[in-house]
Each structure stands twice: as structure tokens, then as C-alpha cells.
Amino acid sequence: KELMDLNRGETYRMLKRAMFPKLRNAGYLLAFYDTQPDIAGQAIDVAIGLIHNERHSEALELLKHHSEDSRVAYPLGVCYLRIGDLDSATRYLKKATEKGNTYRFEAAVLLQKIGSTMDAIEKSNVEE
């Protein structure tokens with residue numbers, strides 16, 4: 001009613017002519033987002049801090065709970081490598097080289113070093 005009375009109805013008539021026909025079949029969508037904490041991401045951040053402080057066993061225990069998350073593959077590989085479990089390190093580092101992983105390049109470098117080390121050990125054993 002107030003819009004119809006505004007400016008002696010001129011504003012309403014202009015809107016009726018120019019805007020209302022376009023709005024006749026208009027609609028809207030209302031979306032609500034519920035944020036969920038990234039528990040695995042938080043654990044990875046803490047574990048990386050532990051790795052930087054040479055606390056690999058603690059980081060490993062923390063990361064094991066999130067081993068299904070592809071983001072933990074590289075830090076898990078590093079932890080296993082640092083505690084001397086080359087088989088597990090290789091398994092997780094191979095996962096980390098998959099497409100889309102942030103640490104693909106770093107994982108590939110570590111895998112190459114593991115391979116070189118294993119080759120050297122084999123060569124040494126053969127020579128003995």
C-alpha cells in the first residue's frame with residue numbers, strides 16, 4: 001500500500017510495467033551450511049609439528065587413527081621411514097605419489113632414496 005501511495009502511485013506503476021512481469025515466475029533458494037571440524041586435518045597439523053621436533057613415534061600414533069584419509073599418506077610414510085619400517089614407509093609414500101596429493105614430489109624423492117638405499121644394501125650383501 002505504501003509503495004502504491006509513494007509519489008502518487010508513479011513509482012508503483014513504473015515497477016508494475018518494468019519489473020513485475022519479469023518477477024512473475026521468479027523463485028529463490030535458501031541454503032544453510034553446517035560447518036564440520038576437519039579432525040583429520042587438525043591431527044595432520046599437530047603430527048607435522050611433532051615430526052619437525054623429531055617425535056616420530058608420537059606423530060605416528062596420532063596419524064594411525066586417520067590412515068584412510070589420503071592426506072596422511074606422506075606424513076605416515078615419513079614417520080615409518082624415520083623409525084626404520086621401510087616396508088610401511090614405502091607403502092604410504094607410494095600412496096602419497098598419487099594424483100592430487102600435495103606432497104607427490106617429496107614422496108617420489110623419498111621413494112627414490114629408499115630404492116637407492118635398498119639397491120646398495122643388496123649389492124653389499126652380494127659382495128659379501
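A nonpolar core is a set of buried Ala, Val, Leu, Ile, Met, Phe, Trp, Tyr and Cys residues joined through side-chain atoms within 4.5 Å; buried means under 20% relative accessible area with a 1.4 Å probe, protein chains only. The model is predicted: local features need pLDDT of at least 70, side-chain atom pairs count only at pLDDT 80 or more, and totals for chains, interfaces and linings use all residues. Residues are numbered from 1 along each chain as its sequence is written, and side-chain values use heavy atoms, with hydrogens and water left out.

**Exercise 1.** State how many helices and strands the protein has, and explain why it is described as spread out.

*Solution.* Helices (H or I, at least four residues) and strands (E, at least two) are DSSP runs, numbered from the N terminus. The protein has 8 helices and 0 strands. Its radius of gyration, taken over C-alpha atoms, is 30 Å. Along the principal axes, the C-alpha atoms fill a box of roughly 105 × 25 × 20 Å.

**Exercise 2.** Describe the largest nonpolar core.

*Solution.* This core has 22 residues, and Cys79 is among those with the most contacts inside it. Two or more residues come from each of α4 (39-52), α5 (56-64), α6 (73-83), α7 (86-96) and α8 (104-127). The most, 6 residues, come from α6.

**Exercise 3.** Identify the residues in contact with Cys79, leaving aside neighbours within four places in sequence.

*Solution.* Contact means heavy atoms within 4.5 Å. The partners of Cys79 are Ile51, His56, Ala59, Leu60 and Leu63.

Technical notes
The radius of gyration is taken over C-alpha atoms; the globule rule is 2.2 Å times the number of residues to the power 0.38. Buried means under 20% relative accessible area, exposed over 50%, partly exposed in between (1.4 Å probe, protein chains only).
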